[in-house]
Amino acid sequence: QSAVNVPRDFEGCSTLRKYFGQLHYLQSRIPMGAEQEAAVPIVWTEIFSGKTVTHEDIKYEQACILYNLGALHSMLGAMDKRVSEECAAGAFTYLRDHFPHSYSVDMSHQILNLNINLMLGQAQECLLEKSMLDNRKSFLVARISAQVVDYYKEACRALENSETASLLGKIQKDWKKLVQMKIYYFAAVAHLHMGKQAEEQQKFGERVIYFQSALDKLNEAIKLAKGQPETVQEALRFTMDVIGGKYNSAKKDNDFIYHEAVPALDTLQSVKGAPLVKALPVNPTDPAVTGPDIFAKLVPMAAHEASSLYSEEKAKLLRDVMAKIEAKNEVLDQFMDSMQLDPETVDNLDMYSHIPPILMEKCAALSVRPDTVKNLVQSMQVLSGVFTDVEASLKEIRDLLEEDKAQEQKLQELLGKVPPPQGSPPPLSPGLAEVSKECSKYMEVHEKASFTNTELHKAMNLHIGNLRLLSGPLEQVRAALPSPALTEDDKQVLQNLKRILAKVQEMRDQRTSLEQQLREMIQKDDITTSLVTTDRSEMKKLFEEQLKKYDQIKVYLEQNLAAQENVLKALTDANVKYAAVRKALAEVEHKWNTTVQTLVASYEAYEDLMKKSQEGKDFYTDLEGKAAKLLEKARAACQAAEANRQQILEKEMKKQPPPRPTAPKPALQKKPLELEGGGGLDTSELPPLGSLNFLQAQTGEGLRGPRPSDDPLSMLDPLWTLNKT
């Protein structure tokens with residue numbers, strides 16, 4: 001009675017679950033099924049037709065309780081922000097998969113499918129709403145919304161069924177219209193977020209078509225929403241404002257800025273739904289839900305023991321099969337690892353037939369900047385001009401300093417001063433010393449910058465050709481990319497290898513599927529009912545008969561495992577023939593990747609080259625100004641130094657006496673001793689008069705030394721004597 005009139009809350013759900021679990025325990029012990037000894041009539045009323053339906057089968061009672069459990073969960077979900085739709089879907093799914101559909105039209109396959117997909121669709125809606133509030137990635141939101149569409153499409157198919165239409169009557173049209181409206185609405189939401197993703201990826205043509213599609217679908221939803229509550233109409237108007245604004249902005253930007261081709265919607269990859277909700281399973285034997293088994297004492301202990309023995313037999317069978325599977329899987333994994341063959345990349349010929357997207361983006365970016373190469377060349381030419389001017393100014397300053405140094409050295413030699421030590425320059429005037437110091441500093445900076453300038457020119461020469469290629473027609477770019485040249489025999493070898501690799505994958509998938517089927521069969525295999533009614537002496541025979549149900553799947557698995565040796569032998573032979581083709585493809589792929597990376601690097605280096613070129617121009621412009629000022633300063637300092645040298649030279653010239661006359665010297669009187677000896681003075685031994693310097697003392701004499709004469713006047717200056725005579 002409590003299960004019939006349950007309260008409309010989660011306590012009512014708990015009551016229904018407990019009653020359903022106890023019915024499960026009861027039907028496994030007492031023969032209350034259809035046409036069994038303890039069967040009793042069970043009466044329920046159909047919800048759509050209002051008819052009373054009676055069955056003498058305890059499973060009908062279970063089915064009706066399960067249906068009400070799903071209905072109550074769906075009602076609570078609508079009242080409480082739709083948080084229990086997954087529970088409702090689980091109840092309807094268990095009802096569809098474990099009970100006959102002939103009990104009632106409410107429990108027909110189409111009606112249950114309708115209920116399941118409606119519940120999953122509403123649960124997915126909740127997740128979609130949360131994802132949008134959490135600002136998840138656009139692509140994820142689009143996939144979640146696409147899955148909502150998929151669930152509602154399945155529900156719509158169930159509604160379009162003739163049996164469902166006849167059962168639901170008038171409400172079928174209303175339900176169908178509402179579901180179709182939701183299909184269009186959430187399809188619009190999916191395409192809205194696909195457009196946002198295209199915007200993030202800078203695919204402006206795709207953005208336009210996605211927003212346009214979203215707008216079209218939303219208009220269809222608005223047409224179907226006539227008669228819906230004002231809250232629905234308000235939501236549709238808000239969505240129209242969002243999508244309409246997005247579409248107008250995207251179309252305007254593409255028409256006036258990006259000029260990308262707008263592809264047809266059917267040429268784009270369809271949005272695959274992401275099912276992030278599921279029907280929560282119903283476990284009628286979970287004690288946490290159903291409570292303790294109130295009929296536990298009705299099952300003999302022998303039946304429990306026999307059930308444990310049967311479970312051990314099933315576990316032994318599974319262990320034997322899994323040991324064989326794991327051994328073969330290990331051999332297969334080791335073999336494939338040694339081959340290093342990836343089925344997804346063994347045939348990558350398609351990538352050579354088109355320009356990669358990253359390169360297309362660079363070409364598109366350069367197509368709207370046609371003066372890229374010209375600007376770069378001009379910038380480098382300006383830099384070279386400024387560099388040359390700076391170098392000429394510094395050279396002229398250096399030449400002026402060298403000339404001044406030479407003039408200073410000549411002056412020192414004329415003045416008879418001791419020259420500076422070998423290797424050390426003569427001292428400079430303070431002005432020239434400062435000029436020399438600044439010149440050295442500028443020369444050092446110039447030399448360092450010269451290396452950078454050289455490297456910059458090398459980099460420009462390296463990238464300029466690639467930039468010209470990227471700025472040209474796409475056919476030239478495609479022609480510049482390497483592509484493999486395979487013969488017909490090479491292509492045949494490649495196709496054969498792909499076929500065998502597909503066989504390997506097929507063998508793996510089949511093995512996994514068979515293993516999963518075996519596990520599910522063992523898990524669902526419950527013979528407790530049979531054990532209760534079977535004599536103990538017949539238990540072993542019963543086990544053998546029950547285990548025969550696994551023979552067929554064991555045969556399939558053994559055939560799969562046996563085929564592995566033949567498949568691997570064929571793969572080995574195909575790989576030997578593929579070796580030469582593989583090497584050629586690897587080389588071409590390496591060249592292709594290198595070429596793409598080089599072209600992309602050249603594009604990305606453009607901005608850096610322009611920036612460094614501008615920095616170089618700014619640097620050399622500043623240095624040129626400083627060098628020009630220093631040159632003027634050097635010229636002025638050199639002129640001042642030259643004038644100073646002239647003054648010094650004039651002063652030194654004034655200090656020297658006038659030149660001595662060159663008249664012959666009077667004959668000296670002979671000494672008596674010299675005359676008596678009969679000898680004379682050898683005039684050849686006397687130096688000529690013009691060669692004597694009277695400003696200098698002879699060896700052993702002072703400036704006024706004694707003369708070889710007794711005449712007192714001879715002690716006077718000879719110039720004076722000559723004048724007296």
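Colleague: In which helix is His 304 found?

Modeller: This is a predicted model, in which local features need pLDDT of at least 70, side-chain atom pairs count only at pLDDT 80 or more, and totals for chains, interfaces and linings use all residues. Residues are numbered from 1 along each chain as its sequence is written, and side-chain values use heavy atoms, with hydrogens and water left out. Helices are DSSP runs of H or I with at least four residues, strands are runs of E with at least two, and both are numbered from the N terminus. The run covering residues 301-339 contains His 304, and that run is helix H11.

Colleague: Is His 304 buried or exposed, or in between?

Modeller: Buried means under 20% relative accessible area, exposed means over 50%, and partly exposed is in between, with a 1.4 Å probe and protein chains only. His 304 has 36%, so the residue is partly exposed.

Colleague: How far apart in space are His 304 and Thr 528, C-alpha to C-alpha?

Modeller: Along the sequence, His 304 and Thr 528 are 224 residues apart. In space, their C-alpha atoms are separated by 7.7 Å.

Colleague: What is the phi of Gln 202, and where is this residue found?

Modeller: Most residues other than glycine have a negative phi. Gln 202 is not a glycine, yet its phi is positive, at about 60 degrees. Gln 202 is exposed, with a relative accessible area of 54%. Its place is the loop between helix H7 (170-200) and helix H8 (204-224).

Colleague: Where does His 259 lie?

Modeller: His 259 also has a positive phi, near 55 degrees. With a relative accessible area of 55%, His 259 is exposed. The residue lies in the loop between helix H9 (230-258) and helix H10 (287-290).

Colleague: How are H1 and H2 oriented to each other, roughly parallel or roughly antiparallel?

Modeller: Axes are lines fitted to C-alpha atoms, for helices over the stretch in contact, and angles run from 0 to 180 degrees between N-to-C directions. Helix H1 (residues 10-27) and helix H2 (residues 58-79) pack at about 160 degrees, with axes 10 Å apart. Angles under 35 degrees count as roughly parallel, over 145 as roughly antiparallel, 65 to 115 as roughly perpendicular and the rest as oblique. H1 and H2 are therefore roughly antiparallel.
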